[in-house]
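Biologist: I'd like to learn how to read a helix and some backbone angles in a model. Can you walk me through it?

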Amino acid sequence: MIYITIKEALKMNPVYWVGERFYLTDLRLVPLTELWSDPNRRAEIIRKYEKWFKDSDVRRFLWATTPLTTAGILEMISEKFLDPASKYYMIRLPAYLDTVGHIGARNIDYENHQADFGGVIGEKNLWGWGVMNDALNEFKAELWPDIRILRTRVHQNNHNAKTILLKNGFTAVQSEGNYV
């Protein structure tokens, strides 16, 4: 958790205050391919994914096939995230001084303007702060007009994710097991 004084918060740009919470909105989407080319950053990314994917609170909303091992994470990144038909970004909050999640699309079909979307905020202390909502807005702006239809699946118990998706124009069209 980050604790800052009101004086420090007023120096940050942009920051807004609601009730007793600061909301840090200065997020950046950094292409995974850009970070992956640096061995130090690559190690940082792998450590982040290991931390997030092994956390039971985060993992309960991920696919059952999400890897837990370093080898599995490397395979996932190389086969899915670095594929030419994918665009994945790490979500960085400069005020938080760290990577807090990822967002991306795979199976991009430019001819039909559609793709499969996915994202995760791995830092639980930032859940409910609007980080994914802001990241999704930036991501959609990055893809538009090439991609106009994003498909995704969300765990039926992930109410925050469903709310974010509905606020951003997604529509639930079918359920499959524990996913909508």
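Predicted model: local features only at pLDDT ≥ 70, side-chain atom pairs only at ≥ 80, totals over all residues.

Biologist: Okay, how many residues does α6 have, and how far does it reach?

Modeller: Helix α6 covers residues 131–143, which is 13 residues. From first C-alpha to last it reaches 18 Å, close to the 18 Å expected at 1.5 Å a residue.

Biologist: And which residues of α6 are buried?

Modeller: General idea to start: an α-helix has 3.6 residues a turn, so residues three or four places apart point the same way. In this helix, the buried residues are Val131, Met132, Asn133, Ala135, Leu136, Phe139 and Leu143.

Biologist: What do the buried residues of α6 pack against?

Modeller: Their partners include the strands β3 (28–31), β4 (87–93), β5 (98–109) and β6 (114–121). Also on the list are β7 (149–151) and helix α7 (159–167).

Biologist: Now the backbone. Is the peptide bond from tryptophan 144 to proline 145 cis or trans?

Modeller: Most residues other than glycine have a negative phi, and most peptide bonds are trans. The bond from tryptophan 144 to proline 145 is cis, though, with omega near 5 degrees. Proline 145 sits in the loop between α6 and β7.

Biologist: What about phi at asparagine 107 and where does that residue lie?

Modeller: Asparagine 107 isn't a glycine, yet its phi is positive, about 55 degrees. It lies in strand β5, and at 43% relative accessibility it counts as partly exposed.

Biologist: And histidine 113, what is its phi?

Modeller: Histidine 113 has a positive phi too, near 60 degrees. You'll find histidine 113 in the loop between β5 and β6; its relative accessibility is 26%, so it counts as partly exposed.

Terms used:
Residues numbered from 1 in each chain as written. Heavy atoms only, no water. Helix = DSSP H or I, 4+ residues; strand = E, 2+ residues; numbered from the N terminus. Expected span 1.5 Å × (residues − 1). Buried < 20%, exposed > 50% of the residue type's maximum accessible area, 1.4 Å probe, protein only. Contact = heavy atoms within 4.5 Å.
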